[in-house]
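Subject: Structure for your review

Dear colleague,

Please find the sequence and the structure below.

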Amino acid sequence: MGINKRDEGKKVNSNINVTPMVDVMLVLLIIFMVITPMLNNKVNVDLPKADAAVVMEDANKEDAVVVAVTRDGRTFLGGDQVTLDDLGPKIAAKLENKTSKEVFMRADIRANYGKVMDAVDGIRSAGVSQLGLLTERTDDSGATTTKK
């Protein structure tokens, strides 16, 4: 009787299979592409539409001071909810070391006008030199802003 000897252990595959790694990287890329736009606008508001909107690139910067007023009248500084009494001092603290005293405001189209004006008063009490009111263009070319 003969014993069959297998020589499978001597055949070493030195090729690296990168297909699983590419699949994982593509999935991560898609996840980041979907999540990144959501991180930009921390508070969801329906912006009003304007025909004569002026593009303000500074509103998209990471260190931009953005105040949002939601439809139910809540006020947010960045992603944190604040009261109208605390809005001025907190904005003043954020603008303390900046040369540009510019604040951007995102107000919901259905927000109470009185609540929006209360937020504007709080912003002005912080010594803000320019207030940018964020809107959307009616031709759907992306979020733009108009200055006040």
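Predicted model: local features only at pLDDT ≥ 70, side-chain atom pairs only at ≥ 80, totals over all residues.

Residues are numbered from 1 along each chain as its sequence is written, and side-chain values use heavy atoms, with hydrogens and water left out.

Overall composition

The protein has 3 helices and 7 strands. Helices (H or I, at least four residues) and strands (E, at least two) are DSSP runs, numbered from the N terminus. Read from the N terminus, the order of elements is α-β-β-β-β-α-β-α-β-β. Of the 148 residues, 30% are buried; buried means under 20% relative accessible area, exposed over 50%, and partly exposed in between, with a 1.4 Å probe and protein chains only. The accessible surface amounts to about 10,700 Å², and carbon and sulfur atoms account for 54% of that surface. These areas come from the Shrake-Rupley method with a 1.4 Å probe, and for residues only the protein chains shown count as cover. Among contacts between residues at least 6 apart in sequence, 68% join residues at least 24 apart, where contact means heavy atoms within 4.5 Å.

The strands

Two strands are said to pair if DSSP finds at least two bridges between them. Strand 2 (residues 65-69) is mostly covered, with 5 of its 5 residues buried. In a regular strand the side chains alternate between the two faces of the sheet. In strand 2, V65, V67 and V69 lie on one side and V66 and A68 on the other, and all of these are buried.

Strand 2 runs parallel to strand 5, to which 5 bridges join it; here V69 stands opposite A107. Strand 2 also runs antiparallel to strand 3 (residues 75-77), with 3 bridges, and in this pairing V69 stands opposite T75. The hairpin of strand 2 and strand 3 has 5 residues between the strands, and within the hairpin G73 takes a positive phi near 90°.

Strand 1 (residues 49-50) pairs with strand 6 (residues 130-137) in the parallel sense over 2 bridges, with A50 opposite R137. Strand 5 (residues 102-107) also pairs with strand 6 in the parallel sense, over 4 bridges, and V103 stands opposite L131. From strand 5 the chain passes through helix 3 (residues 113-124) to strand 6, and this β-α-β crossover is right-handed. The term applies if, with the strands pointing away from the viewer, the path from the first strand over the helix to the second runs clockwise.

The helix pair

The axes of helix 2 (residues 84-94) and helix 3 come within 7 Å and cross at roughly 35°. Axes are lines fitted to C-alpha atoms, for helices over the stretch in contact, and angles run from 0 to 180 degrees between N-to-C directions. The crossing of helix 2 and helix 3 is right-handed; a crossing is left-handed if the near helix is turned anticlockwise from the far one by less than a right angle, and right-handed if clockwise. L84, L87, G88 and I91 of helix 2 meet D118, A119, G122 and I123 of helix 3.

F104 belongs to strand 5 and counts as buried because its relative accessibility is 2%. The C-alpha atoms of F104 and Q130 are separated by 8.5 Å, although the two are 26 residues apart along the chain.

T75 is in strand 3 and, at 4% relative accessibility, is likewise buried. T75 and R106 are 31 residues apart in sequence and 9.9 Å apart from C-alpha to C-alpha.

A119, in helix 3, has 0% relative accessibility and therefore counts as buried. Between A119 and V67, 52 residues apart in sequence, the C-alpha to C-alpha distance is 8.1 Å.

Yours sincerely
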